[in-house]
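User: I have a structure I'd like to go through with you. Can we take it piece by piece?
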Amino acid sequence: MSFIGHILGGALGIVASLSQQQTNGASTWGTLNNPLLPQFLTNNPLPLGFPWGPLTAKHDNPYTSAPNTGVIRAYDFTIKRGQIAPDGYMKDVLLVNGQFPGPMLEANWGDTFIITVHNRIVGPEEGTALHWHGLLQKGSPWFDGVPAVQQCPIAPGSSFTYSFKADLYGSSWYHSHYSAQFAGGLFGPMIIHGPSNAPYDIDLGPVMLSDYYHTEYFKLVQGVMASTSEANFNPAPASDNNLINGKMNFNCSTVAAGGITPCNSNAGISKFKFTTGKTHRLRLMNLGGEGLQRFSIDGHNMTVIANDFVPIKPYTTNVVTLGIGQRSDVLVTANAGKSNSAFWMRSNLSTICAITTQPAALAAIYYDRADTNKAPTSAAWDVPDPGTCANDDLSLTVPYYPLAPSTPSVTQTLEINFFINDTGHFLWKLGAESFRADYNHPILLLANEGNFTYPDEWNVQNYGSNTTIRIVVNNPGPAAHPMHLHGHNMQVIHEGPGDWDGVSTTGGSNPQRRDVQLVRNGGHMVMQFDADNPGVWPFHCHIAWHVSGGLYANILERPADIAKDAPIPMVLAQTCRDWASWSKGTIVDQIDSGL
Ligand SMILES: *[C@@H]1O[C@H](CO)[C@@H](O)[C@H](O)[C@H]1NC(C)=O
Ligand SMILES: *[C@@H]1O[C@H](CO)[C@@H](O)[C@H](O)[C@H]1NC(C)=O
Ligand SMILES: *[C@@H]1O[C@H](CO)[C@@H](O)[C@H](O)[C@H]1NC(C)=O
Ligand SMILES: *[C@@H]1O[C@H](CO)[C@@H](O)[C@H](O)[C@H]1NC(C)=O
Ligand SMILES: *[C@@H]1O[C@H](CO)[C@@H](O)[C@H](O)[C@H]1NC(C)=O
Ligand SMILES: *[C@@H]1O[C@H](CO)[C@@H](O)[C@H](O)[C@H]1NC(C)=O
Ligand SMILES: [Cu+2]
């Protein structure tokens with residue numbers, strides 16, 4: 001019997017041998033004690049009974065109508081190294097407040113997050129910076145959290161306070177944008193309550209899916225960035241496991257002795273409660289380093305109601321596909337059994353579109369009166385992997401609030417490619433350049449000084465005063481790429497095999513919008529956005545190893561407005577002085593693009 005078969009047989013993972021502290025540190029993710037989410041946080045102004053007053057998902061443009069509640073959501077994050085065994089294999093990780101996955105950020109639409117981040121990474125020391133994925137950061141582009149682009153890294157021993165509005169609503173995450181730290185554990189969910197586009201009874205909260213590596217992240221980056229002639233060269237390391245809310249079992253016999261302490265094959269899996277007959281909201285998120293996830297729940301249909309921060313017209317499916325960084329909110333009604341039923345929740349890394357040795361993640365779902373010490377016995381949906389490495393068809397994913405695409409004032413084609421440079425390093429490029437960061441000179445700060453002349457390797461695309469920017473991404477190579485744009489939701493005009501033909505579009509007057517879109521291997525994507533948000537916005541592949549290898553561009557949007565008006569807080573200059581003085585005394589081991 002396979003190991004997964006063994007779990008299904010009920011022997012493993014249901015009554016765990018390790019404590020939650022041993023597997024996930026101070027986090028309660030994955031346990032039956034983890035709280036459900038409210039529909040909104042109540043310590044807010046409540047006109048008409050809701051913090052967002054009369055605003056609805058149907059009638060109000062989410063990009064222009066965010067309320068300003070004046071309510072502050074304050075968080076204090078300390079980042080440190082730690083050792084935990086999420087799947088029974090003890091390893092070195094980076095933790096937020098001692099937790100993996102990190103603590104949840106939660107707000108109502110229109111509140112202000114104020115998050116102080118203390119960099120206490122030692123042994124060795126490393127810089128860091130946190131990015132708040134999917135938010136617009138309109139009027140606060142310096143708090144987007146990308147080192148070398150909008151800020152200097154937070155130096156070891158220093159702290160930095162981010163302050164920004166919860167300007168969109170739905171499900172997202174935050175993560176380090178410094179090198180591949182997010183693949184080393186530095187991430188957590190971010191939930192913003194807002195108007196609903198479909199009724200449900202119970203909010204189960206984040207369901208975080210993440211491929212998982214037993215090797216420490218920096219060692220993986222060393223392999224990715226080694227010269228092709230070096231023995232450790234590995235541009236596409238295989239993940240060792242797949243986690244749901246930071247948990248899964250691992251068959252320790254499949255590896256030679258390794259890890260810091262003896263490996264434990266019964267770490268324990270995540271458990272969730274369903275209330276019989278009720279409709280549950282699950283906030284699915286792919287927070288891994290590389291792999292495409294295919295999520296399903298035995299016996300149940302799912303109704304997808306949002307993709308990324310964009311509510312969509314609900315549609316029903318059995319499998320939700322998520323590339324790295326993507327989220328889908330789904331509704332699931334507990335009507336597939338009796339009140340003592342139990343079912344498997346599964347997420348499979350695509351064995352065609354991901355590189356992994358253990359693709360199957362499991363968690364258990366218990367109806368009210370089910371025995372939570374017993375393994376479910378449900379049968380899996382068998383929906384063959386189409387192997388296209390693409391998201392659901394664009395015709396299925398229609399934004400709830402319609403927005404017609406404007407006529408682009410500029411169209412630019414960027415091709416994704418890889419190459420070996422003159423010193424034998426395997427690199428990716430987006431357009432003409434492979435990106436490499438200079439942590440000491442954030443582009444936004446230079447632009448604010450009126451300096452728009454940058455080294456080629458910063459890959460800055462200056463769109464001047466263009467009003468609507470269309471970007472065609474052609475991807476002739478063998479890997480699919482989840483492409484992420486900061487500061488905007490992309491209107492995805494077309495996606496499919498081959499290069500774009502220059503005319504085909506999907507979605508007509510209401511194309512899908514989201515902040516990450518999968519671009520299939522041997523395929524293309526056409527996206528556009530209105531230049532309503534002056535700033536320097538990263539546009540990049542969200543696969544950790546690809547962005548390390550340079551698959552990244554900076555979009556310089558309305559530079560004149562940055563130079564003229566941007567009231568950049570003085571703390572950004574101070575952060576650069578702190579970084580400069582720390583990096584003067586310590587060699588910064590920047591072996592990758594930096595992001
Ligand atoms: C674990 O892996 C070993 C080696 O491949 C195999 O012999 C064993 O049956 C597996 N254990 C389980 C419980 O599947
Ligand atoms: C799932 O959806 C299909 C297609 O819409 C429908 O035929 C089926 O009855 C649904 N099953 C359940 C358990 O709701
Ligand atoms: C996920 O993988 C399992 C094997 O571990 C398989 O039985 C199941 O059908 C797969 N799920 C889907 C939706 O294909
Ligand atoms: C090739 O890329 C690596 C990694 O970015 C870099 O360290 C090296 O300097 C590059 N070589 C050349 C000749 O540019
Ligand atoms: C602009 O910034 C770049 C990168 O730091 C620097 O090399 C260049 O000298 C600067 N140009 C001016 C005019 O200051
Ligand atoms: C629009 O963007 C293109 C491409 O970057 C640039 O060449 C052009 O000058 C821009 N137009 C304006 C009006 O700024
Ligand atoms: Cu990629």
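**Strand pairing and sites**

Analyst: Histidine 175 has phenylalanine 187 in β8 as its bridge partner. Strands here are DSSP runs of E with at least two residues, and helices are H or I runs of at least four, numbered from the N terminus. This is a predicted model, where local features need pLDDT of at least 70, side-chain atom pairs count only at pLDDT 80 or more, and totals for chains, interfaces and linings use all residues. Residues are numbered from 1 along each chain as its sequence is written, chains are lettered from A and ligands numbered from 1 in the order written, and side-chain values use heavy atoms, leaving out hydrogens and water.

User: How many bridges pair β7 with β8, and in which sense?

Analyst: Six, in the antiparallel sense. Two strands pair if DSSP finds at least two bridges between them.

User: And what joins β5 to β7?

Analyst: Three bridges, and these strands also run antiparallel. Tryptophan 132 stands opposite tyrosine 174 there.

User: Why is β7 largely enclosed?

Analyst: Seven of the seven residues of β7 (170–176) are buried, so the rest of the structure largely encloses this strand. Buried means under 20% relative accessible area, exposed is over 50%, and partly exposed is in between (1.4 Å probe, protein chains only).

User: What about alanine 148?

Analyst: Alanine 148 has a positive phi too, about 75°, although it is not a glycine. Its place is the loop between β5 and β6 (159–165). Alanine 148 is buried, at 4% relative accessible area.

User: Which peptide bond at proline 101 is cis?

Analyst: The one from phenylalanine 100 to proline 101, with omega near -10°. Proline 101 lies in the loop between β2 (91–96) and β3 (105–108). A cis bond also joins glycine 123 and proline 124, with omega about -5°.

User: Switching to the metal. What are the protein donors of the copper ion, ligand 7?

Analyst: His481 (ND1), Cys541 (SG) and His546 (ND1), lying 2.0 Å from the ion. Donors are N, O and S atoms within 2.8 Å of the metal (3.2 Å for Na, K and Ca); water is not among the atoms, so sites may look incomplete.

User: How are the donor residues spaced in sequence?

Analyst: As H-x59-C-x4-H. Histidine 481 in β24 (481–485) and cysteine 541 in β29 (535–541) are 60 residues apart, so the pair links distant parts of the chain.

User: Buried or exposed, histidine 481 and cysteine 541?

Analyst: Both are buried.

User: Now ligand 4. Which residues are around it?

Analyst: Met225, Asn421, Asp422, Thr423, His425, Leu427 and Arg436. A residue is near a molecule or strand if one of its heavy atoms lies within 4 Å of it.

User: What does asparagine 421 do there?

Analyst: A polar side-chain atom of asparagine 421 lies 2.3 Å from an oxygen atom of ligand 4. Taken alone, ligand 4 exposes 360 Å², and the protein buries 58% of that. Accessible areas come from the Shrake-Rupley method with a 1.4 Å probe; for residues, only the protein chains shown count as cover.

User: And which residues surround ligand 6?

Analyst: Val410, Asn462, Tyr463, Gly464, Ser465 and Asn466.

Notes: A polar contact is a pair of N or O atoms within 3.5 Å; within protein, one must be able to donate a hydrogen and the other to accept it, and residues adjacent in sequence count only if both atoms are side-chain atoms.
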